[in-house]
Structures are given as C-alpha cells and as structure tokens.
Amino acid sequence: MIRCEHLTYVYGRGTPFEATALTDVSLAISTGEVVGIIGATGSGKSTLVQHFNGLLRPTSGRVLLDDVDIHGPRVDRRRIRQQIGLLFQDPEQQLFEETVVADVAFGPRNLGLSDDDARARARRALELVGLPPDRFGPRSPFELSGGEMRRAAIAGVLAMEPRMLILDEPAAGLDPQGRRDILEHVRRLHRDGALTIVLITHSMDAVAQLCERLLVLDQGRLVADGPTRAVFADLSRLTALGLGLPQVTLLARRLGERGLPVRRDVLTIEEARVAILEALAVRGRGVL
C-alpha cells in the first residue's frame, strides 16, 4: 500500500538551521497490517509518517501509494490525505466546532459532501469509536472527558473513510483506563473496519499488544524492521537505542533469571499467564 524508497528529509535545507531528520529510509507497509514505529525522541518517527500522506515532500527519494508516486504529476494530494488518515499527538487540540457531530462532519463537508451525507458519515464514525451519536453528537467537544475527546478526534479522521489510520501517541496523557479504552478501540477498528494501522508510540506495552510488526528508527535511519516478537528478542540492541521491553516480557525474563523456566518471548498478559502456569507445572509445583 505504502512504499518509501531511499527517503531522505532535511529541515531548513540551505539555512543555518539545517537538520537531517531522515536518511535513506526504505520500507513497505501492506494493506491490512498493524505496524508500530518506535524509537527515541527525535529519531524521525513523526517526520516519517508525515510523508505517507504528502504533508512533507522528500528532500530525496520518493513515497508511493499503490505504486504511484504521491508527488508525481497530476496526483491529487487531497485524495491521498483522504486515504491516509493521520492523527497527531494531543488530537483533542484539533477539536473546534460547537458540537461533536459538527466537528466530526467537518472533514467530509470539505470533501464536498452534502450536510446530510457528512453528518451520516459522522454518526457512523462516532459509533465506530464507541461514542453513540444520539448521546454525544449534540454535546460540546469541550465537555467530554480526555478519553472521549481523543475518541472524538479519531472519529473525525474515520469520517473521511481512510484506508490507513496513522496514530501518533494516541494514548499519551490518558489515565490507565483511558489508555486501555483507546487501545481496545484501535484493535477493534483494525478488526472490524479492515483498516491498515500505523502506531507511533513510546509505549512498548502498546505495540506488544497491538502490532504484528515493528519499525525501529534511530537518528533518522531505519535500523530494524521485523515481527514484533523478533524485534523484542534483541534486548541488547534495544537497550543501546534507549528503548526497553514490555513489562510482561521483563517479568518473564526476571522469573527465568530466578530459576523458573518461563518463556522469554511473551508479549501480553495472557501469554505470560500461560507461560508461568506451564513453567510451574514443569517444576512440579502445581498450578495457580
């Protein structure tokens, strides 16, 4: 679906403030994948995804959607941005209309849809994120809780009916329940909406729960690209990059260091539960 070929991007090119954000990045993301992008602050994660929908133009290299260069002649980049939905950090700051339904309908109206069609899309999008439109649609977006505002912002992107949804730190700043709710809604959107999902986050637990594949950036370079379990298996490399492991993976490793033969590659709480029970059975100590 999306392919980057030798992508390099330089901010402030030719000025005293010139800074290279991406260097020779090549990757491909297929339809239906759930891909996590991780890396230390300043590694180029947000810069990379802003190339996916044409918000940034490569300094060199190119980005293709369905094998078409998105900066090629006669390409409608408004259409590109409709297909590749991008939700920035702190998306509740993108809310501005008087009512939730009007805010969510804003994007479809800009596509030229009638008010009725735009509102119909908005209602469907609100249902997808778990905000019943009859209850939440008439309310001011600024009366919502933090988690509800985050979901309303996601609905605004979904109302454009994108094929890919890019989420930049979608759970940042939320309380534990709000984080769980957002991640569960993202999982449901992938499952029920047939969306390709790209998740940028500093939370190793979030990518372990949601992502099948990880892209790891370091100082603007793609240094790892593989299945989530394989990437997390290389602890020394992650540590060198200033990254860590999911909490349940760390737990399994520490139990192993204490002599309990627990699998070291668990990624979720359920996997850890099964692995610990199996290890206890092997040790002849029964089950919990």
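Buried area is the accessible area, computed with a 1.4 Å probe, that two parts lose on being put together, summed over both. That quantity will be needed at the second stop of this tour of a predicted model.

**The two domains.** Begin by selecting residues 1-75, 165-172 and 197-243, which together make up domain 1. Colour residues 246-287 separately, as these form domain 2. The centres of domain 1 and domain 2, taken over C-alpha atoms, are separated by 32 Å.

**The interface.** Next, display the place where the domains meet: 9 residues of domain 1 are in contact with 10 residues of domain 2. About 760 Å² is buried between domain 1 and domain 2, and carbon and sulfur atoms give 59% of that area.

Select R229 and E271, which form a salt bridge. The closest N and O atoms of this pair are 2.9 Å apart. Across the interface of domain 1 and domain 2, 1 salt bridge is found, along with 3 residue pairs in polar contact. Now select helix 8 (204-210) and helix 9 (228-233); each supplies at least two residues of the side of domain 1 that touches domain 2. By class, that side of domain 1 has 5 nonpolar, 2 polar and 2 charged residues.

**Helix 3 and F106.** Finally, move to helix 3, residues 100-110, and select F106 within it. Is F106 buried, partly exposed or exposed? With a relative accessible area of 31%, F106 is partly exposed, because that class lies between the cut-offs of 20% and 50%. Neighbours within four places in sequence aside, F106 is in contact with F96 and E97. A C-alpha to C-alpha distance drawn from F106 to I166 spans 19 Å, the two being 60 residues apart in sequence.

Conventions
Residues are numbered from 1 along each chain as its sequence is written. This is a predicted model: local features need pLDDT of at least 70, side-chain atom pairs count only at pLDDT 80 or more; totals for chains, interfaces and linings use all residues. Side-chain values use heavy atoms; hydrogens and water are left out. Domain bounds come from an automatic or database domain assignment. Contact means heavy atoms within 4.5 Å. A salt bridge is a side-chain nitrogen of Lys or Arg within 4 Å of a carboxyl oxygen of Asp or Glu. A polar contact is a pair of N or O atoms within 3.5 Å; within protein, one must be able to donate a hydrogen and the other to accept it, and residues adjacent in sequence count only if both atoms are side-chain atoms. Helices (H or I, at least four residues) and strands (E, at least two) are DSSP runs, numbered from the N terminus. Ala, Val, Leu, Ile, Met, Phe, Trp, Tyr, Cys and Pro count as nonpolar, Asp, Glu, Lys and Arg as charged, and the others, Gly among them, as polar. Buried means under 20% relative accessible area, exposed over 50%, partly exposed in between (1.4 Å probe, protein chains only).
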